[in-house]
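Dear colleague,

Please find below the structure that I am handing over to you. My findings follow it.

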Amino acid sequence: MKHLTDEKIMMAVANGELNKLSILFDRYHVRIYNFFQKMTHNKMVSEDLTQEVFIKILKYRTSYNNGNFASWLYTVARNIFSSYYQKQKKERSNIIEDDFLNSEEKLFIDSNKEDLEHLQRSLLKLNEKDRELIVMHKLQEIQYEQIAQIVGSSENAVKVKTHRALKKLKEIYFQSINTVSNKN
């Protein structure tokens, strides 16, 4: 089965071979979980959203049209995150920041802990679209071409938007560092 492409496996799933979805799950569940973890900073929510992605894939398997499977998968994941985010935003503001600041799961090396915390807080201050581009490209290591397919844009537009998002992150990060330095 390792020699089969994701696209061939998904076509088999779409044609009723539901047991083959486990192959795709094995190949992608960690990446999807990490995507959600970087977006929400909440382990339980990330697990739930990851599970929801694969449930949606199973439910909507017949809508797969033999395109790039990873792009289709991340599009499903983005839509699920967007729905989750909008629902949470209505229920309580700034849930992502609250979950990050209250998280007891931060396991950083002591010397880098403060810098990483500043970076994480800075990332959370970006708007959802900018944060998503940075997470996909820099942390998930998804190529610009594939991100363009996922977000429905051109590759050049994604490059520009990612560059701008990184510039914003850098500004927020150094502003945060300077604020902390001035307090001391």
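Gly152 comes directly after helix α8, and its phi is positive, near 70 degrees. Helices here are DSSP runs of H or I with at least four residues, strands are runs of E with at least two, and both are numbered from the N terminus. The model is a predicted one, in which local features need pLDDT of at least 70 and side-chain atom pairs count only at pLDDT 80 or more, while totals for chains, interfaces and linings use all residues. Residues are numbered from 1 along each chain as its sequence is written, and side-chain values use heavy atoms, with hydrogens and water left out.

Helix α8 itself spans residues 144-151, and its buried residues (under 20% relative accessible area, with a 1.4 Å probe and protein chains only) are Ile147, Ala148 and Ile150. Viewed down the axis of α8, these buried residues fall within an arc of 160 degrees, so they line one face of the helix. The arc is taken from the directions between the helix axis and the C-beta atoms.

In the protein chain as a whole, there are nine helices and zero strands. Of its 184 residues, 39% count as buried.

As for confidence, the mean pLDDT (the predictor's confidence in each residue, from 0 to 100) of the protein chain is 82, and 79% of its residues reach 70 or more. Over residues 93-111, however, pLDDT stays under 50. For that stretch the model has 29 contacts (heavy atoms within 4.5 Å) beyond four places in sequence.

Yours sincerely

Definitions and conventions
Buried < 20%, exposed > 50% of the residue type's maximum accessible area, 1.4 Å probe, protein only.
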